[in-house]
4 protein chains.
Amino acid sequence: MFEFTTQLRVRYGETDQMGYVYYGNYAEFYEVARVEMLRTLGTSYKLMEESGVMMPVVELHCKYLKPALYDQIITIKVILDEMPRAGMRFKYMLYNEDNELINTGETLLVFVKMDTNKICFIPKELAAKLKPYFE
Amino acid sequence: MFEFTTQLRVRYGETDQMGYVYYGNYAEFYEVARVEMLRTLGTSYKLMEESGVMMPVVELHCKYLKPALYDQIITIKVILDEMPRAGMRFKYMLYNEDNELINTGETLLVFVKMDTNKICFIPKELAAKLKPYFE
Amino acid sequence: MFEFTTQLRVRYGETDQMGYVYYGNYAEFYEVARVEMLRTLGTSYKLMEESGVMMPVVELHCKYLKPALYDQIITIKVILDEMPRAGMRFKYMLYNEDNELINTGETLLVFVKMDTNKICFIPKELAAKLKPYFE
Amino acid sequence: MFEFTTQLRVRYGETDQMGYVYYGNYAEFYEVARVEMLRTLGTSYKLMEESGVMMPVVELHCKYLKPALYDQIITIKVILDEMPRAGMRFKYMLYNEDNELINTGETLLVFVKMDTNKICFIPKELAAKLKPYFE
């Protein structure tokens with residue numbers, strides 16, 4: 001199991017006229033969190049694309065428990081609870097400044113070789129970096 | 001059961017560097033589709049908010065089967081397959097110009113009275129407009 | 001001079017907590033309008049990219065006179081008042097449903113050959129389509 | 001004169017299929033920068049709205065000199081070079097990781113009393129915080 005936590009601040013443009021973060025913007029919050037998680041592992045999504053592997057999202061699930069509000073610092077916990085093979089399932093738990101759980105999410109991403117556009121296994125270096133957490 | 005179909009064209013700003021529609025933007029596509037569905041029923045989400053009821057999204061689920069691409073006309077079928085009570089569950093099926101199913105989604109929205117900020121039942125007028133489809 | 005008019009409806013996700021369309025979203029409205037203008041001429045921005053020429057924006061100017069609001073149909077007039085050469089200057093005038101001018105804008109785009117990444121002149125076919133309007 | 005510098009990292013969802021940050025997203029970058037500037041002064045835009053004054057943008061100008069790319073850390077310098085009265089003019093200079101100037105911008109915002117929806121002068125506390133920089 002691998003856990004990682006990061007934070008971001010809600011931008012004005014991310015709210016809607018309800019005064020809440022628009023429900024579609026959580027996908028970008030998740031993206032920020034999983035990208036920072038990869039960086040912590042000593043790699044990056046950018047490097048992965050440069051090496052010819054991209055990771056399109058094939059599933060997204062969100063539960064909105066409480067609204068995220070303008071200017072709040074949102075804490076995002078990302079959890080990998082299985083060793084990725086052809087796909088990588090990230091789970092997210094979002095907390096507001098009062099440490100209330102406001103949102104939970106899940107995304108499934110697959111590895112795709114950019115030259116053939118075919119699904120592939122997790123790149124070896126990434127697998128090597130993750131392995132210690134799943135033994 | 002109530003079904004409705006609408007179309008939209010993918011904007012450049014909705015793509016990302018993968019050349020696909022960014023996965024977070026489908027939430028807005030779903031929004032466009034359910035809003036147009038309400039309009040077809042002879043009401044509108046805007047009217048509902050003006051009458052003091054808002055509909056925050058509490059759940060979102062998406063499956064990405066094939067990418068949506070820049071400038072494509074996407075056909076969105078919205079399906080209501082149960083009569084809404086305290087919540088309204090919309091299902092979405094998105095098709096590209098070759099009539100391929102590229103994305104399926106589901107959102108659960110609840111009715112909230114804006115003055116008390118409490119969950120409430122479906123407004124009577126909306127219920128009246130939907131009832132014939134569920135008899 | 002070439003003038004073209006199109007319409008779009010404001011999405012919920014485009015508003016912010018002020019209840020107005022977020023000021024950054026007008027850029028996408030302008031994009032929709034100029035893309036539809038090109039289509040009217042019998043070409044498309046997509047075709048242009050496929051032929052190896054892209055059009056990055058190098059300048060953007062907006063004046064916000066009145067807010068655009070959720071669910072409003074916005075009418076966008078696009079004006080080309082000079083024959084494009086190495087760049088293409090679009091002017092925009094946005095009107096709300098009461099026919100009030102709510103926003104004016106201007107963008108300067110340049111033609112860039114995608115293989116060399118160098119600025120180039122307007123592609124011949126586009127020039128041919130535009131010429132009649134500037135004689 | 002008051003100068004302030006902040007940084008942000010480009011998100012995947014902010015790029016478009018050209019591989020650049022979409023031109024409309026710079027407006028949100030500017031927003032992040034001016035909001036952080038206000039925070040440095042010991043106030044915040046959120047507090048200002050809570051005290052009944054909002055700041056809609058009335059003008060936006062951007063020049064795009066070089067593209068901002070995915071995952072880059074962008075440094076944003078915000079400059080106030082005149083003491084605000086009824087409006088507040090922010091200037092922006094954006095730099096990439098090679099310290100190249102990639103974008104310059106300007107926004108004019110006005111102060112609006114939210115109860116009357118009328119333009120007003122700069123709130124006294126904000127004026128007091130800014131005054132030392134313009135003497």
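Gly87(D) lies in strand E5 (residues 87-95) of chain D; helices (H or I, at least four residues) and strands (E, at least two) are DSSP runs, numbered from the N terminus. The structure is a predicted model, in which local features need pLDDT of at least 70, side-chain atom pairs count only at pLDDT 80 or more, and totals for chains, interfaces and linings use all residues. Residues are numbered from 1 along each chain as its sequence is written, while chains are lettered from A and ligands numbered from 1 in the order in which they are written.

Apart from neighbours within four places in sequence, Gly87(D) is in contact with Leu108(D), Leu109(D) and Val110(D); contact requires C-beta atoms, placed from the backbone, to lie within 7 Å. The C-alpha atoms of Gly87(D) and Leu109(D) are separated by 5.5 Å, although the two residues are 22 residues apart along the chain.

Two residues other than glycine have a positive phi, namely Asn99(B) and Asp71(D). They are set out below with their surroundings. A residue is buried if 20 or more other C-beta atoms, placed from the backbone, lie within 10 Å of its own, exposed if 12 or fewer, and partly exposed in between.

| Residue | Phi | Loop | C-beta atoms within 10 Å |
|---|---|---|---|
| Asp71(D) | about 75° | between E3 (57-64) and E4 (73-80) of chain D | 17, partly exposed |

Gly87(D) is likewise partly exposed, with 17 other C-beta atoms within 10 Å.

The contacts between chains come next. In chain B, 17 residues are in contact with 17 residues of chain A. On the side of chain B that touches chain A, helix H1 (26-40) and strand E3 (57-64) each give two or more residues, and E3(B) gives the most, with 8 residues. That side divides into 11 nonpolar, 3 polar and 3 charged residues; Ala, Val, Leu, Ile, Met, Phe, Trp, Tyr, Cys and Pro count as nonpolar, Asp, Glu, Lys and Arg as charged, and the others, Gly among them, as polar. Strand E3 (residues 57-64) of chain A pairs with E3(B) in the antiparallel sense over 5 bridges, pairing being defined by at least two DSSP bridges. Within this arrangement, His61(A) stands opposite His61(B).

Chains D and B also meet, with 9 residues of chain D in contact with 9 residues of chain B. The side of chain D involved has 3 nonpolar, 5 polar and 1 charged residues. Since 100% of the interface residues of chain D are also interface residues in chain B, the copies meet through the same surface. A rotation of 180° with 0.0 Å of shift along its axis superposes chain D on chain B (RMSD 0.0 Å), which is the relation of a two-fold axis. The superposition is by least squares on the C-alpha atoms of residues with pLDDT of at least 70 in both copies.

Note on methods
Two residues are in contact if their C-beta atoms, placed from the backbone, lie within 7 Å.
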